Amino acid sequence: MGTYADLVFVGGRVVTVDAEFSVAEALAVTGSVISAVGTREDVAALIGPDTRVVDLEGATLLPGINDSHLHGCAFGMASPPLSVEVGHPAVSSLAEVAEAVREAVGRASAGQWITGHGWDTGYLAECVADPSRHPARGDLDAVSPDHPVVLYSFSGHATWVNSKALELIGIDRHTVAPPGGAVVTDEAGEPTGLLHEGAQALVQNALPPLDRQERTDAIKSALATLARLGVTSYTEPGLGPGGDGIMRGALGTETLEVYRRLLADGELTARVGVLLLPTGMAGTAEEFARTLDALDVAGEDDPRRLAIHGVKVFADGIVPNKTAWMHEPYVGGGCGSLCVGGDLDDDRIAEIGAMIRHAHAAGHQLGVHATGDRAIDTVTDAFAAAAAAHPRDDARHYVIHGDFLTPHAMKVLAAHDYGVNMNPTIKWTVADMEEEFVGAGRAAYAWPYRDALDAGVRVASGSDAPVTHPDWRQGVATMVLRESKAAGRVSGPEQRIALAEAIRTYTIDAAWQDFADDWKGSLETGKVADLCVVEGDLLGADPHTIPDMPVVLTVLDGRVVYEARPAAS
């Protein structure tokens with residue numbers, strides 16, 4: 001008799017996500033791999049005296065979810081109890097933010113910095129009622145006159161501080177913002193307490209960096225949350241010198257060392273792929289090349305659990321800050337710009353092109369943050385130019401976010417078998433507010449899933465946590481429905497995709513981004529046993545109910561890492 005299985009699943013729908021998107025009724029796991037997929041009879045012979053037989057009771061078995069753009073350390077650090085929750089729905093007004101800060105001050109030691117995460121003007125009542133009203137230091141000063149307060153926006157592209165923080169950081173009316181950043185001032189020229197893009201480094205440089213234990217605690221907190229959500233793989237998109245000044249170094253080089261230690265200690269309960277971040281925003285091509293060439297890119301001890309896949313570059317900012325580089329002006333004027341070094345558009349185009357060319361020639365995969373349509377066209381043209389100058393097989397470069405991916409960019413990406421990493425939970429979050437920045441037509445088009453798939457572009461989905469909660473169920477529902485978070489209205493119905501297509505973006509196509517689609521991302525014999533069980537019939541459910549379908553079991557490499565209900569056998 002052959003080897004018995006360790007785990008057998010029966011009594012539900014096994015969504016394989018194979019090439020035909022076939023649905024089986026049973027699956028067996030032996031050791032760390034899938035040993036059989038098919039009917040109940042197909043797995044019967046693998047059931048031995050020590051085999052655990054899981055009756056799915058009508059539940060849906062999926063490949064483990066792969067969140068292909070998630071800042072693990074930053075997500076853990078931005079979540080309670082490590083951070084004050086100032087995002088929707090925890091707070092819904094500036095007054096409630098102030099109350100949350102007041103409570104944190106009451107728990108803090110003398111002079112302690114108060115940090116929080118998640119504020120979004122689209123969900124703060126005063127800002128919704130008056131779009132010209134923005135968070136300001138005065139909103140925080142009364143509740144925290146002696147404690148410096150630093151509150152990160154949900155997007156990570158703006159920071160809100162109080163007067164005490166401005167004082168300690170040394171920001172006043174004479175402060176010159178770093179290139180690519182802005183210190184927002186009032187009519188009198190005084191700082192309001194808002195810092196955009198690169199100017200956030202002024203805050204980060206004043207905060208004490210996370211120590212190793214804080215980083216460890218943050219990542220372990222994130223891993224626990226991800227296990228409960230059925231996430232077995234994620235891409236940590238940007239760790240390195242360019243992240244040392246972001247969120248107290250959560251994206252810094254030291255964080256990669258913490259991941260390595262967690263792996264060595266057997267505590268890394270998800271597969272992690274890493275993009276290196278040589279420089280942050282406003283970097284130059286010369287600095288980028290010098291720093292990248294000096295980075296340690298040696299292979300990891302267990303590359304299926306922790307791997308460096310490539311390099312991240314920032315090309316522009318984001319739409320709500322009007323820093324995404326657009327072909328057509330924003331409502332109210334301005335088109336944004338590339339955020340790399342250079343005084344003129346042509347200079348910045350040359351700089352981003354040189355960065356991409358250098359990383360490509362050195363053999364790295366590139367993930368480039370580009371949200372505006374003009375930035376995306378610039379980046380994809382730079383991909384094509386780099387490929388022409390230095391031909392390579394299977395580079396798998398991709399645009400990160402791709403909010404306003406153009407037909408031209410889609411054609412270029414598809415021709416080279418490159419990809420785009422889109423963010424459906426961000427679409428869900430910002431759909432109601434983007435019209436005030438780019439108008440109704442462009443806002444509806446944002447994150448054009450249907451067009452990208454029809455053009456033959458490889459599309460993966462990620463949460464960009466902590467920008468949004470890493471809930472793939474909401475992401476799937478949004479791709480299928482295109483409904484918004486605040487109003488529930490449809491935004492761009494022509495960009496809806498089918499449920500099967502949406503699931504692929506979180507499984508096999510995300511595995512493609514990881515250079516791993518030959519061994520993970522679908523439930524096929526011989527692939528690793530990374531599994532997610534969702535209560536109920538996912539394929540037959542009303543899409544509106546998908547976000548509330550509980551994840552009841554998560555398996556990584558054949559080992560149960562989360563279970564919501566008692567074992568059934």
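A: Partly exposed means a relative accessible area between the cut-offs for buried, under 20%, and exposed, over 50%. Asp-557 counts as partly exposed because its relative accessible area is 24%. Keep in mind that this is a predicted model.

Q: Which residue forms a salt bridge with Asp-557?
A: Arg-271 does, with the closest N and O atoms 2.8 Å apart. Arg-271 lies in strand E14, and Asp-557 sits in the loop between strands E21 and E22, so the pair ties together parts that are 286 residues apart in sequence.

Q: Is Arg-271 buried or exposed?
A: Buried, at a relative accessible area of 3%.

Q: How many salt bridges does a search of the whole structure find?
A: It finds 26. One of them joins Arg-396 and Asp-517, at 3.0 Å from N to O. Arg-396 is in the loop between helix H12 and E17, and Asp-517 is in the loop between helix H19 and strand E20, so this pair links parts 121 residues apart in sequence. Salt bridges with shared partners also join Arg-271, Arg-305, Asp-530 and Asp-557 into one network.

Q: New topic. What is the strand order in the open sheet of eight strands?
A: The order is E6-E13-E14-E15-E16-E17-E18-E19, with parallel pairing.

Q: Which strands stand at the edges?
A: E6 and E19. Each has a single partner strand, so one side of each has no neighbour in the sheet. From one strand to the next, the twist averages 25°.

Q: And how many bridges pair E17 with E18?
A: Three, in the parallel sense. Val-399 has Val-420 in E18 as its bridge partner.

How values were computed. Residues numbered from 1 in each chain as written. Predicted model: local features only at pLDDT ≥ 70, side-chain atom pairs only at ≥ 80, totals over all residues. Heavy atoms only, no water. Pairing = 2+ DSSP bridges. Helix = DSSP H or I, 4+ residues; strand = E, 2+ residues; numbered from the N terminus. Axes fitted to C-alpha atoms, helices over the stretch in contact; angles between N-to-C directions. Salt bridge = Lys/Arg side-chain N within 4 Å of Asp/Glu carboxyl O. Buried < 20%, exposed > 50% of the residue type's maximum accessible area, 1.4 Å probe, protein only.
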